[in-house]
Amino acid sequence: MTQRPLKIAPSILAADFGSLGDQVIQAQAAGADMIHIDVMDGRFVPNITMGPLIVQAVARVARIPLDVHLMIVEPERYISQFADSGASAITVHVEACPHLHRNLAQIKEVGCRAGVALNPHTPAASIREVLGLISQINVMTVNPGFGGQQFISASTSKISQLRRMALDGGHDIDIEVDGGINSQTIATVQACGANIMVAGSCIFGHADGIAAGIAALRRAAAST
């Protein structure tokens, strides 16, 4: 399996919001490649989190790309707002987009990388017809809505399928894994073809600090 450069994307869902700006600065100083921002609406998923104002606040201190993951219904209503707030990449869920081709085109029109997320039950084939519009695929390895869940190991076959689909079609696509990523799981998903690792609690909750959490992930990935 062709290996793309590893990228670490700390998820601020697990950060201390009382010192969010400082935690983002620490993460980027420790070598994070992007900041992952989970947007939840209480409808597509049961939880409610952050919106464009948080993205805007993070953008004021971040010098690395902001990876905005929209776990919301009717994402087309908010894509421009998130782009204006500083998003570098915007990911929508295939399950929330009956007009996915149109939604991806909209993301590209506002100047952002277009991403699609797939829930654990959603097959890889569901996005075959739009691969040419996609910059990154987010494979959910937990059920979306909450941080700190256990990795769903059956998702690894989907990662391999998606990497093969991208390669066979000649598409330049990053594969992102979101959910349960830590030092025990990162090497497995990397071997399957994933290269963007979204991690929350194992970075922001690491006993020795944010930099140690990121370093531990990179060491584990390098052992593949």
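Student: What share of the chain's contacts with a separation of 6 or more comes from residues 24 or more positions apart?

Tutor: The share is 64%. A contact here means heavy atoms within 4.5 Å. The model is predicted: local features need pLDDT of at least 70, side-chain atom pairs count only at pLDDT 80 or more, and totals for chains, interfaces and linings use all residues. Residues are numbered from 1 along each chain as its sequence is written, and side-chain values use heavy atoms, without hydrogens and water.

Student: Why does the chain's radius of gyration agree with that of a compact globule?

Tutor: Set the two values side by side. A compact globule of 224 residues would have a radius near 17 Å, and the chain has 16 Å, so the two agree. The radius is taken over C-alpha atoms, and the globule rule is 2.2 Å times the number of residues to the power 0.38. The C-alpha atoms fill a box of roughly 45 × 40 × 30 Å along the principal axes.

Student: How many helices and strands are there in the chain?

Tutor: There are eight helices and eight strands. They are DSSP runs numbered from the N terminus: helices are H or I with at least four residues, strands are E with at least two.

Student: Why is β2 called largely enclosed?

Tutor: Count its residues. Six of the six are buried, so the rest of the structure largely encloses β2. Buried means under 20% relative accessible area, exposed over 50%, partly exposed in between (1.4 Å probe, protein chains only). Ile35, Ile37 and Val39 lie on one side, with His36, Asp38 and Met40 on the other. In a regular strand the side chains alternate between the two faces of the sheet.

Student: Why is glutamine 136 called buried?

Tutor: Its relative accessible area is 1%, which is under the cut-off, so glutamine 136 counts as buried. Glutamine 136 is found in strand β6.

Student: What makes polar contacts with the side chain of glutamine 136?

Tutor: The side chain of aspartate 67 does, at 2.9 Å, and that of arginine 113 does, at 3.2 Å. Both values lie within the limit, so both pass: a polar contact is a pair of N or O atoms within 3.5 Å, where within protein one must be able to donate a hydrogen and the other to accept it, and residues adjacent in sequence count only if both atoms are side-chain atoms.

Student: How do you know which class glutamate 74 belongs to: buried, exposed or partly exposed?

Tutor: Its relative accessibility is 34%, so glutamate 74 counts as partly exposed. Glutamate 74 lies in the loop between β3 and α3. Its phi is near 50 degrees, a positive value in a residue other than glycine. Most residues other than glycine have a negative phi.

Student: How do you know where the buried residues of α1 lie around its axis?

Tutor: The buried ones are Leu20, Gln23, Val24, Ala27 and Gln28. They cover an arc of only 130 degrees, which puts them on the same side of α1. The arc is that of the directions from the helix axis to the C-beta atoms. They pack against β1, β2, α2, α7 and α8.
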